[in-house]
Amino acid sequence: MTKTPTSGSILVAPHQFPHLDREQALAKEFGLDLVAATDQSSFSSAMPDARIVMVTPYAKVTADDFASLPACVAVVRYGMGYDNIDVTAAAAAGIPVSIVPDASTDEVASHAFAMGLALSRRLPQGQAAIRDGGWAGRIAYDAPKLTDLVVGIVGLGRIGRIVAASWSAVGARVHAYDPYTSVPDIPAAELTRVLEESDVVSLHLPLTDETRHLVSSDVLRRMRPGAAVVNVSRGGLVDEQALADALHSGHLSGAALDVFAHEPLPADHALRDAPHLILTPHIAWRSTTSLGALQDGAVSRARRALAGEPLIDLV
């Protein structure tokens, strides 16, 4: 149901969308202006007029921002990660925060599975050998066959469950840790066991104060020699300097990361020259359909909030 036009704006954070046609149509439907910020400063300065704030990974909504949102009825996050939104301040301000968790579940899960397979088959080592003018040498003699591979899944949300099923389908032995849920077909284990007794550790959980640097220098030291780490969730889950050190020392056989604590990855970052590493620029969620699904999902949640309907996928 379209509401009577009112004043204010739909504020979109800095983004990389090819267009904002959906968002523009929503603004017109409710008689609002569409404001697309170009940087954090312009994003924050436009807060006072915002009825809806639509957040991308390229800006933050801080406690000070929430204090300057007198007319806001909801904050909507494109995607499922909300570590760039001060949800405590949102609750104090009485502003609901909604996420879009299902726009690219299959894409992220397949990216994580592909990364893990590449590491387990030592593809980075093979590519490096040819690039550096060498040949096979002893590469992959230390690679367990898939039916002997132990895969640890940390987090059994939508994505983690698909990754676990993918590994099981190729014969790997899977165990998983999730403090909030269990899946009948996936053996549960304590976190320390999943981290320390797996050949591949795949991370699928949000970034919070409790999970920041979950994979720390101490955890990396205690991981199985020759293990590999996959992270397609949030960069802050891993101590990146400690990971680089573990790769240089040879304790880990490899790592694959689609997300980083600071994005884009700084030019002088320690991971850039670490060996046996697969890096992708936060593209696990992308496909021919995911961008449209993401914008559709965010716009539909914004529409519900503007129409006074109950929001879904609340943080």
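Predicted model: local features only at pLDDT ≥ 70, side-chain atom pairs only at ≥ 80, totals over all residues.
Residues are numbered from 1 along each chain as its sequence is written, and side-chain values use heavy atoms, with hydrogens and water left out.

The strands β8 and β9 (residues 228-231) pair in the parallel sense over 4 bridges, where two strands count as paired if DSSP finds at least two bridges between them, and where strands (E, at least two residues) and helices (H or I, at least four) are DSSP runs numbered from the N terminus. From β8 the chain passes through helix α9 (residues 217-222) to β9, in a β-α-β crossover that is right-handed, that is, clockwise from the first strand over the helix to the second when the strands point away from the viewer.

## The open sheet

The order β7-β6-β8-β9-β10-β11 describes an open sheet of 6 strands with parallel pairing, in which β7 and β11 (277-279) are the edge strands, each pairing on one side only. Neighbouring strands of this sheet are turned against each other by 15 degrees on average, direction ignored, with axes taken as lines fitted to C-alpha atoms, for helices over the stretch in contact, and angles running from 0 to 180 degrees between N-to-C directions.

β6 and β8 pair in the parallel sense over 4 bridges, and Val151 has Val200 of β8 as its bridge partner. β9 and β10 (residues 254-257) likewise pair in the parallel sense over 4 bridges, with Ala228 standing opposite Gly254 in β10.

Both faces of β8 are covered, since Val200 and Ser202 on one side and Val201 and Leu203 on the other are all buried (under 20% relative accessible area, with exposed over 50% and partly exposed in between, for a 1.4 Å probe and protein chains only). In a regular strand the side chains alternate between the two faces of the sheet.

## Helix α7 and its cover

The buried residues of α7 are Ile159, Gly160, Val163, Ala164 and Trp167; seen down the helix axis they fall within an arc of 135 degrees, so they line one face of α7, the arc being that of the directions from the axis to the C-beta atoms. Their cover includes α5 (105-120), β6 (150-154), β7 (173-177) and β8 (200-203), with contact meaning heavy atoms within 4.5 Å.

Just after α7, Gly171 takes a positive phi of about 95 degrees.
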